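Here are some notes to read alongside the model. Have the structure open as you go.

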Amino acid sequence: MPPSHILPVLLPYPFKEPFYYQVPPELEYESLRPGTLIIVPLGSREEMGVIWEKHSLPKGISLPEEKPKKINKIKSIISILPIPPLPTILLEFIDWVAAYTISPPGLVLAIALRGIQTYASTNVPKSGWILSDTPIDTIRVTPAREKIIQFLKDKENPFTTGFLTDALQVSSSVIQGLAKAGIIEEKLLPYHCPFLEPDPSFHIPLLSDEQQEAANFLSVKVKEQQFSVTLLQGVTGSGKTEVYMQAIATCIEQRQQVLILLPEIALSSQWIERFEKRFGVKPALWHSDLTNKQRKLTWQAVINNEVSVLVGARSALFLPFTHLGLIIIDEEHETSFKQEEGIIYHARDMAIVRARLSNCPAVLVSATPSLETLTNAYHQKYHHLTLTARHGGASMPDVQVVDLRATPPHRGLFLSPPLIIATQQRLEKGEQVLYFLNRRGYAPLTLCRACGHRLECPHCSAWLVEHRRTQRLVCHHCEYFIPIPKECPYCDAPDSMVPIGPGIERITEEARATFPDAKILVMSSDSLTSPKATAEAIRQIDQKEVNLIIGTQIVAKGWHFPFLTLVGVIDADLGLSGADLRASEKTLQLLHQVGGRAGRAHSAGIVMLQSYLADHPVMETLVKGDFNEFMLQEAAERQMGFWPPYGRLAAIIVSADTSDEAMQIAYELGQNAPQMEGVIVLGPAPAPLALLRNRYRQRLLLRTQKHIAIQPILHQWLSSVKAKKSVKIDVDIDPISFL
Ligand SMILES: Nc1ncnc2c1ncn2[C@@H]1O[C@H](COP(=O)(O)OP(=O)(O)OP(=O)(O)O)[C@@H](O)[C@H]1O
Ligand SMILES: [Zn+2]
């Protein structure tokens, strides 16, 4: 057998590289191109795999080559799945993501195959037979063969073996014979495609001049069918969505596919409604709440180019688009685009890679872009569009700081007198008020008044959070909870446990007592447990069935509530403490977004920020509204220390069952730290979450100057340390979380 009949096959498991398999004589070697989905033996099991080849990798990165084994030890491919091969661009993308994130390519492939994961074992789709192009005079035409050939002539759709044997009274061996001779070939049975084609001119809104100009620019980019990145930055409520919908329309007209990434699909009911109003149909969706069946239908429709618009969460990036013409990342600053478990990747950054490989435009959309994106726009790596005015003449809200040192709430309470008065006024006028506090539950800490004992999770370095509604103290990092104790578990003092600080349940309790007539709605992940529940909450707000909304960060997500005129931020200082590189940036973005929910329609809005740090630059910026100026200042500070986006970061998290083991490996890594010009290693040090789900954690941080590729350094560094299986070393490239 010639050596070319051995092919690399990638399996969706954490293997570092493809395995080699032989092509048995009964399978046509020529039909096996990279991307072909096949079934192969793996140990005693049969697994789905993909014919692979090596692709170009990020600059400066190479992967170790596996030498093929002796030929007689190489196992054979079992069968070819009747699915179109994965597009080459997707294969390249998988290799790229794996190399960039230092992950096994097989695990990245697993994300891409999630739509058809169970395919091999349970659910082979039905295929049937059609005539091929092979001329019939190449075979002996028996009467039975003649019947089949005559029947299939001029038929476009395939017919199954079962149908043919029944209807034509031929045996299945006749069909097999024709197939072997190449006269007939297998084709997937047509299925009912569940996705309707969006109509680009279903309802075209009248855009403002500013919107129209931006929309035209994006449409030109889509028509160019070339890679480009554009930042669409517009103040909250400026109608960015309507602008990029126009680019979507152009892409549909061009018969190319559009991918829209939203940070949290479950919170996107309003977005989907708007899409339907604009295009007459719902878009295809991709998120973790889909059933297996929906997942499979969607995956197949994408690879068959039957879906023209898909909106999804992060993992939609790995769908097998064949004609991708546009990628939109809405609310691009959202940190939830960072996948923190399994393959650790930033969907925004990877979306740009995918757009580059697909040679199509990417559009990043936000009122408060990340520093990374803004810097690229300022350096003209990205195009930069701005919308300066709110839609329909609405004005930007008036932002005020309520200095809690001057006007504190009553003892043990959290609403300041100015906020109470303003709330009262708005409610009386029939308007809606939103209170924002980014903390679930009743109180973040419970302690004993007698001995000072604080209730902590036994499995994590975290306080237990009181949830009064369920009468529990809960760890927000693991599943652990206990009933709220009556006496101190440490000193046994009776009735001594007191809640410290507020969560939204406590704010709700105080609001009920303060505004007994208000119709209150609570919005948090505890109260909105499904997309349906969220949609219902939004309906209640739209219909004015509620007038005081109290919520966590869920309420900051691009909602448009026309009657909402006052936003009260209960604790504006909350995100500013801690050693997070982006503490200021993130706080500014979050509070700007929440504040941006006020006064978006007929009446002007105000935002009241309760703060003990009234002079903090973040508060001053929020009051002045000059977001970009603050970010430029922030950029200058980061530039001096080679912090992102002026340098590269990789976090290394060592975790183990014992503190000693974690410390030992972290120490060894510290000892072997790379020593090069422009490279710095910080740590090891216990992680802020030093214990998480019973695992002890140590962190190191590698920082390089921008021109130095971080992956080769990591490869070499990590290979210098031999850790036991029980010790895990995770690498987080471009970390967002420092916990
Ligand atoms: N040209 C237009 N014609 C009709 N309605 C519009 C137009 N532009 C925007 N709107 C409406 O104005 C409201 C605000 O627009 P949109 O939600 O797109 O703003 P945004 O820029 O995305 O804001 P945010 O960043 O706060 O999410 C929406 O209800 C939208 O339907
Ligand atoms: Zn815990």
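1. Ground rules. This is a predicted model, in which local features need pLDDT of at least 70 and side-chain atom pairs count only at pLDDT 80 or more, while totals for chains, interfaces and linings use all residues. Residues are numbered from 1 along each chain as its sequence is written, and chains are lettered from A and ligands numbered from 1 in the order in which they are written.

2. Domains. The protein chain is split into domain 1 (3-122), domain 2 (127-188), domain 3 (209-392), domain 4 (394-439 + 502-635) and domain 5 (647-733); such bounds come from an automatic or database domain assignment. Taken over C-alpha atoms, the centres of domain 3 and domain 5 are 34 Å apart.

3. An unreviewed UniProt entry puts "domain: Helicase ATP-binding" at residues 221-387. UniProt positions are given in the numbering used here, feature names are shortened, and annotations may be inferred rather than shown by experiment. In the model, residues 221-387 are 37% helix and 25% strand, with 18 Å between the end C-alpha atoms. Helices (H or I, at least four residues) and strands (E, at least two) are DSSP runs, numbered from the N terminus.

4. Around ligand 1. Which residues come closest to ligand 1? They are Thr236, Gly239, Lys240, Thr241 and Gly558, out of 19 residues that surround the ligand (a residue is near if its C-beta atom, placed from the backbone, lies within 6 Å). Domain 3 and domain 4 each supply at least three residues to this shell. By class, the shell has 12 polar, four nonpolar and three charged residues. Here Ala, Val, Leu, Ile, Met, Phe, Trp, Tyr, Cys and Pro count as nonpolar, Asp, Glu, Lys and Arg as charged, and the others, Gly among them, as polar.

5. Helix α8. The most to that shell comes from α8 (residues 240-253), with three residues. From first C-alpha to last, the 14 residues of α8 reach 20 Å, close to the 20 Å expected at 1.5 Å a residue (the expected span is 1.5 Å times one less than the number of residues). Because 12 of its 14 residues are buried, α8 is largely enclosed by the rest of the structure; among the buried ones are Lys240 and Thr241. Buried means 20 or more other C-beta atoms within 10 Å of the residue's own, exposed 12 or fewer, and partly exposed in between, with C-beta atoms placed from the backbone. After α8 comes Arg255, whose phi is positive, near 60 degrees.

6. Strand β12. Seven of the seven residues of β12 (residues 324-330) are buried, so β12 is largely enclosed by the rest of the structure. Strand β9 (residues 257-261) pairs with β12 in the parallel sense over five bridges; two strands pair if DSSP finds at least two bridges between them. Gln257 has Leu324 as its bridge partner. Strand β15 (residues 361-366) also runs parallel to β12, joined by four bridges, with Asp330 opposite Val365.

7. Strand β26. Why is β26 (residues 564-569) largely enclosed? Six of its six residues are buried. Five bridges link β26 to strand β18 (residues 432-436), and the two run parallel; Tyr435 is partnered with Gly568. Strand β27 (residues 606-611) pairs with β26 in the parallel sense over four bridges, and Val569 stands opposite Leu609.

8. An antiparallel sheet. Five strands make an open sheet ordered β2-β1-β4-β3-β5, with antiparallel pairing. Its edge strands, β2 (19-22) and β5 (79-80), each pair on one side only.
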